[in-house]
Amino acid sequence: MPANRRAARLQEATCEAIIDAVRRHLPKSAYREFTLWAFSASNPRRHEYLQVTGLTQLVTMNVTLVGGLIDADGWPIVENKLALMNAYQYFETIADNVAMGLGAPALGDAGRERLELVTAVNRAMIQVLSAGRSTPGVLLLSGQPQRIARRASAFDLSLAAVKHAGIAEEYARHRTGEGEALNLPGEVEFGLWGALVADLETCRDVADAMNASPVGEVVRDGLVNRYRAVDRTLRAPSLARMELAALGAHSILVAPTLAYGIGVLAEAVRVDSALPAVVADGLLTDVLFDAALLVRLQNDVGTRLLRMAGVQQAALVHRLTRRAVERRKTQAADALALLVEEAQTEAALTRLHKDIANEEVNVALWHARRAADADGALRAFGDSVGYFTDLYTQHYGRLTAGLSALDERLGDRRVSTVIERFVKFHERMYAHRYTEKYGEYAI
């Protein structure tokens with residue numbers, strides 16, 4: 001249980017929102033019952049489950065963003081709305097994990113099949129978010145998407161497969177104690193289709209919750225952009241670094257999350273009188289894009305590597321290139337293996353290590369993975385790090401200027417405070433190794 005009282009309340013409200021979504025949207029199945037149990041007080045490893053699913057970090061971020069900005073009267077509104085967004089992000093993390101392993105340029109049969117599932121979910125999401133569409137998620141993901149999902153392991157498609165499996169085994173013991181047998185591999189591990197359905201429906205709920213807000217269209221449009229960007233990133237045969245950065249900014253879910261939070265803040269503390277104007281003339285969307293781009297680069301490149309001086313970055317690439325020659329490493333994959341080896345002692349490479357190990361999409365690795373040989377891969381990597389470091393510096397300056405403009409236009413610093421805190425939160429978190437408690441959660 002979090003030490004902060006509001007964090008504890010929000011954590012419980014989030015668990016209740018997830019349980020409500022499961023009850024409303026998931027068809028009857030062992031996976032449904034497991035999820036209900038996992039968030040209940042009956043789970044002796046509930047605290048661990050909240051940690052490995054990213055909810056502990058998510059709640060910590062929530063209260064960090066709004067700390068000191070919301071009084072006691074406004075908190076119930078904030079708690080209720082943030083719990084809904086957190087429930088969506090819980091299911092979205094599961095859906096996002098389906099793309100693990102799809103960052104490689106050449107996919108095997110299983111990878112191509114999961115890519116089809118990811119595309120099906122993205123297309124279904126765009127339908128869910130389109131005006132006038134009310135087709136239930138169970139129908140949008142029926143047929144082939146459901147069959148593919150049943151062949152995908154919810155445990156393996158995570159950064160904590162062993163812990164997920166252990167908690168599921170705990171649930172099996174719980175059910176056995178009640179006199180029920182559980183086919184664990186078939187019914188829980190391979191039951192994530194239900195989570196994908198709940199993801200669609202909670203996303204619909206999030207967008208609908210902001211319909212009357214001045215930022216409602218920003219939220220909805222930001223969500224649509226995410227799903228379009230994910231598909232483009234995974235399927236494009238060639239991408240310029242600038243397009244990669246833009247797609248990454250859209251796909252990381254930062255802009256709609258912040259827009260939603262600003263809408264909640266406006267409702268709770270009544271600061272929305274000037275919001276329509278800064279939405280209409282593009283100031284808010286520009287600021288949100290800058291924030292999203294910064295967090296994408298923090299996530300992919302890593303805070304420490306982005307802060308590293310250019311001469312140090314060049315020295316790192318030179319050291320790896322020399323090592324590749326000495327060891328007669330010739331393939332692009334060999335260069336990536338050298339990066340992983342270097343990451344054992346160089347914490348600045350931790351984000352790259354994670355995405356190489358899990359074959360996840362990463363803007364700094366996209367061109368290196370497609371290089372003809374090890375030398376080309378390391379050269380492409382060095383070019384990408386330099387490019388994205390320059391972009392990071394440029395857009396950090398743009399964000400600072402944009403936040404000042406928001407303060408002046410709104411006559412209130414609370415909106416800019418939330419955005420700035422969001423960027424700083426991720427800046428600190430992505431400075432940690434991804435294997436550490438405070439170093440990883442997905443948004």
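Visitor: How many cavities of 30 Å³ or more does the structure hold?
Guide: This is a predicted model, where local features need pLDDT of at least 70, side-chain atom pairs count only at pLDDT 80 or more, and totals for chains, interfaces and linings use all residues. Residues are numbered from 1 along each chain as its sequence is written, and side-chain values use heavy atoms, with hydrogens and water left out. On a 1 Å grid over the protein atoms alone, a cavity is a set of points where a 1.4 Å probe fits but cannot get out, and lining residues have an atom within 4 Å of a point. With the cut-off at 30 Å³ or more, the number of cavities is three.

Visitor: Which helix gives the largest share of the lining of the largest cavity?
Guide: The largest cavity has a volume of about 190 Å³, taken as the space filled by probe spheres set on points joined across faces, edges and corners. Helices 4, 5, 14 and 23 each supply at least two lining residues; helices here are DSSP runs (H or I, at least four residues), numbered from the N terminus. The largest share, six residues, comes from helix 14.

Visitor: How many charged residues are in the lining of the second largest cavity?
Guide: That cavity holds about 120 Å³ of space, and its lining includes E92, D96 and R226. Asp, Glu, Lys and Arg count as charged. Besides eight nonpolar residues and one polar, the number of charged residues is three.

Notes: On a 1 Å grid over the protein atoms alone, a cavity is a set of points where a 1.4 Å probe fits but cannot get out, and a pocket is an open set with protein on both sides within 12 Å along at least five of seven lines; lining residues have an atom within 4 Å of a point.
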